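Here is a short report for a first look at this structure. Keep the view open while reading.

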Amino acid sequence: MKDMQNNNEKKYWKSIDQLENEARFNEMAEAEFQTSPLKSEDGNDGLARRDFLKLMGASVAMSATACVRRPAQKIVPYAKRPEDLVVGKPNFYASVLADELSGAGLIVRTREGRPIKLEPNPANPASPKGISTRMQAHCISLYDPERLKQPKRWITEENFHDRKWNLLTWEKIDDEVIGLLEKENVTLITNNYSSPSRKALIDDFMAAFKGSKSFVWNPLVDSAEASAQERSYGKEVSVRPLFEKAKYIVTVGADFLGEDPRAHEYATAYAKTRNPDGEMSRLVTFEAMLSLTGMNADDRIRVKPSQFIDVLMGLAHEIVVTQGNGTVNSSTKSKLAEFAGVAKKLNIDEALFSEVAKDLWKNRGQSLVLTGGTYAGVENAEDLYVAANFLNTILGNDGKTIDYAKNNYTTVNAKQSDLEAFLAELKTAKNKVLIVENLNLVYYGGETVKKAIRDFQDAGGTFIYMGLYQDETGDMADILLPIDHSLEAWGDAEFHKGVYGIQQPTIRPLHNSRSLEQSMLNWAYALQAGSKRLQGSETYYDYVRSYWKSDILNNSKNGQAFEDFWFELLQKGVYGELAENVNLPVRSFKQAALASISTAKSEGMELSLYTKAGIGDGKYANIAWLQEFPDPISKVTWDNYATFSKATADKMGIKEGSVVTLDVEGQKVEVPAYVQVGQHDSVIGLALGYGRTKGGRVANGVGVDAYPLVKRVNSKAVFAGRKVVAAKTEKFSPLANTQGHNTMMGRQIIVEATLDSYKKDKSAGIHKHKFLESAWGKHEYKGYRWGMAVDLNSCFGCGSCVVACQAENNIPVVGKKYVLEGREMHWMRIDRYYSGDMNNPDSHVMPVMCQHCENAPCETVCPVLATVHDDEGTNSMVYNRCVGTRYCSNNCPYKVRRFNWFALTKGDRPEDTPREAYNPRVTVRSRGVMEKCTFCIQRIHDVKDTAKNENRTVRDGEIKVACEEGCPSGAITFGNMNDPESRVSKLFESQRTYKLLEEYLAVPSVRYQTKIRNAKRENTDHHGEGSH
Amino acid sequence: MPNKNLKVLVGVVALVLIAGLAVFMKPPIGYNQGYQPTQPIPYDHSLHAGKLEIPCQYCHSNASYARHSSVPALNICMNCHNQVKTQSEHIKKLADHYNEGKSIQWQKVHLLPDFVHFNHQRHVRRGVACQTCHGPIETMKEVFQYSDLSMGWCVNCHRKPENNAPVSCSTCHY
């Protein structure tokens, strides 16, 4: 590291330990395996490996002498085989996932009737590529053994001090609820949803029981956006940013690539503008913490959450007053004058700030100013939105890069005021029945909500909870009803106005569950209440059909017969078009809206609560895949932590893992610290969604609950900018960080160039070696030769590929204990490096999987030929032969091989993947064998089979490997290198392509394209000029 | 010490005998060649495939479409046995299972080692006769494992130039 760098080169580093060259890091970097296989406590999870081998040796000897037959196995064919099912072949169903804040079109892969993997639906115009990590993991939540299985009633018995659960049948439950509904009205609260049929049904039901009220709420509500639209333009609409049309993007706190519920959709659109050969867009980010958007920004500027308003208004001042552009009235001008000299005040590079303002104006009509999300969820969030709206209006972006016509679609956007209205309604206890559906109200809302529900119950109300788990909220219920998983039930979604998707069930309900919709239909029918549509539908399926017939097909006037339309819909999964070219007039901005904007007060350290790409709001906390998914920024698994900037941490004497106490206006939490470079010195970050107490065996006790730190008053939810006081304690709690090890030892790994130097030299930044002669002979590839191109320029590091790979390849979860020992099993990882100034570094991400080398170093050292080259260029693992010497892993320069230290697939630990969720096409590995990326060889075989049956060769793009399929931005391309016309061959010819650690002459089949940054900073070339 | 020499001699002879036995033993240890378990219903291939000449793929209809040839579902049996020989006790058992929607648990005869993938589709479509691997199935009253299904046995066929078959490890092992 040190010796390879000289002073004028940019230094790349992976963690602070490495930068400072600490002894601990060097120790870890030297050791491939951090712990001895003979560790004493290893046996706790079963037999230690040595013992196991001893026993196995004995049993082999015994079986060889006794000549016993293998254990007899059975074949159990179907009694009546379903018509469309061929045993051993997957069936695909189009569906949607609609219970996030947004929706995504899905193709559900099923095997013998079991859904095993979710894949993106390319027919969906809103999000044709990729699905997020949480959506990938949604599939195994179906098989979660801790799902609620039976309807239950909590009854009080005279002899018992405590109440206890009684299992009941649906008939009994129905009798009771119908009895209640005869006399009483209902208060209903659900999570956000985007299903038009569901909305219609809830409206119908509420109309049938006059006086009943329904509410929608979500813990991450962003109420400010809608009210700011009203304040700015006089009308409350939902707007859609059009990234594919934006040439210049400025975000202030907004994390559109990471945290935003539509991030996968935006990533697809944004990636289209990042082509360095075309007109490449530029992204400038102002933020407090390092987010995915900030990591990918061309320029990133650190500001505190309370300063966001200064940045936006300062930019406006710069454009309007200083540079004299745009027409505004005098009161606006004087308002803007308050924000003169912002750059100086905030300690921002003044030249850069005025350049941003100039460029925004230069790109007017094609630029985009964004704010919002939890990072920008400050007290004055509405002002932020208004200021951003003002900028977008004077820049003429409104109607061009911001689509405001697609407004008021079904997506129910909850507001913080909805929770307040709900609690007020509950307090009156007028409606004696409370139904909470699929919303963990008590966990999100804390003591306030808990008390409100208690009071309601004491006032004689009946609390019915419908959910997937008996969680924090379910535990308080009088009646607890299991609902169907979204893969078990009918439904629909409206992604954008006029773009609909249909949710098909792909499996019968596994448990004795029933959806809210079906329950409502049953209850309304029994009471003969409600509209004709409500009465006329026996099942929710009937209701969805009748809704689509009357409201969607009829409105579209396409004249198709309904049955034909329905048949097509089920095949395609989506209906409707997304307008490509939006060209609307700029709305007139009410300049009076700016009047109340002022600089926010700020003192001391500011808190910034955020959500992580894996866990999100905490709903999926019981899915072990997501707990073990390394956070894209910190690479920490299995925890949340308080993030401190390097300078602040040093000042306070904090190291990674030191436990700190955070005091936010009297609310205290104790949490380990993490030193996050690039964070503002006066900001402390903490992730929401952790610290579950009744989330399930995986979720419970992981991290701390940060929801009590969210301030929810006056119809506002404040996530950022609150004053926080941190104090160091003497305790230490290690964080399971996947980053400090698996390093590539400081060689040229990620190649990056600025746009300017790329335009001069297409291979800018790539270090060329003149004399590379291999001692090995070349392999001959007569047919296919598989290769993969990874475009670092469109990889944003979100990690969807990591979970997609896990789902496809039956990759086990090891748990926090073994991640700490460096034994995680992910076949692919996203390496993240920093370079430059440690206070505000450039970040670089790179997906690394087995490179399938032509001269693979692993192959030559295997004593038993368990890893060999095949005649199509892949490096294959023969599990039967592997005896677990781990020589291959030791000799792999890319550190992509994973060893099974324990049997992690037996299903006896809570974090084990449920058996039913395994992909039957892929071997489930066990203790003692090495494994690694196979290039999804099962998918290669399947497509080759189809091609052979049709007497042709495999078409380019026909084989989609799992990571490629999961990627929203199209960074990964897989194909046949022997075909000069294939996309991979074309990409490999590009001068931007380089091989990782080329000087080792391993000749990888995975090749990378350099990252191009549209920034002025010079000399990102770090390995010296020219060649040697 | 003659006694000790005798002991050594006996030991050597015993070893030679065991080695000889191992060489001449068929099937070799560990492979289940000849394995012939009793099935829950004594289905007779020599009658169906032999005498009646029902094509193999009438019942094993998956064989040319998927990796598994698959044991037929009961609805295939019932195509004929709705009418044919309905009074037989075995057919009654079959019909009962079918009507109750209960599967019949057959004993698996051909068992590949773990981590090996075999693809029926490829072989059937290439024109490899079922009998090449499964033996004279049309004469078997009760099915037994004809070939040893060892890797050497697979590769012997794959290596023949006229077969033009792949011999990469990853063809079967992944």
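Residues 24 or more positions apart make up 74% of the contacts in chain A with a separation of 6 or more; two residues are in contact if their C-beta atoms, placed from the backbone, lie within 7 Å. The model is predicted: local features need pLDDT of at least 70, side-chain atom pairs count only at pLDDT 80 or more, and totals for chains, interfaces and linings use all residues. Residues are numbered from 1 along each chain as its sequence is written, while chains are lettered from A and ligands numbered from 1 in the order in which they are written.

Chain A holds 31 helices and 43 strands. Both are DSSP runs numbered from the N terminus: helices are H or I with at least four residues, strands are E with at least two. Of the 1028 residues of chain A, 54% count as buried. A residue is buried if 20 or more other C-beta atoms lie within 10 Å of its own, exposed if 12 or fewer, and partly exposed in between.

**Two helices that cross**

Helix 7 (residues 223-233) and helix 14 (residues 381-394) of chain A have axes that come within 8 Å and cross at roughly 50°. Axes are lines fitted to C-alpha atoms, for helices over the stretch in contact, and angles run from 0 to 180 degrees between N-to-C directions. Helix 7 of chain A contributes A224(A), E225(A), S227(A), A228(A), R231(A) and S232(A) to the contact. From helix 14 of chain A come A381(A), E382(A), Y385(A), V386(A), N389(A) and F390(A). By class, this contact of helix 7 with helix 14 of chain A has six nonpolar, three polar and three charged residues. Ala, Val, Leu, Ile, Met, Phe, Trp, Tyr, Cys and Pro count as nonpolar, Asp, Glu, Lys and Arg as charged, and the others, Gly among them, as polar.

**Strands and their partners**

Two strands pair if DSSP finds at least two bridges between them.

| Strands | Bridge partners |
|---|---|
| Strand 20 of chain A, facing A493(A) | A493(A) and G501(A) |
| Strand 1 of chain B, facing K74(A) | K74(A) and Q107(B) |

**Where the chains touch**

In all, 32 residues of chain A are in contact with 36 residues of chain B. On the side of chain A that touches chain B, helix 29 of chain A gives the largest share, four residues. That side divides into 14 nonpolar, nine polar and nine charged residues.

**Two single residues**

K427(A) sits in helix 15 (residues 416-428) of chain A. K427(A) is exposed, because 12 other C-beta atoms lie within 10 Å. R881(A) lies in the loop between strand 37 (875-877) and helix 28 (887-891) of chain A. With 17 other C-beta atoms within 10 Å, R881(A) is partly exposed. Leaving aside residues up to four places away in sequence, R881(A) touches V864(A), L865(A) and A866(A).
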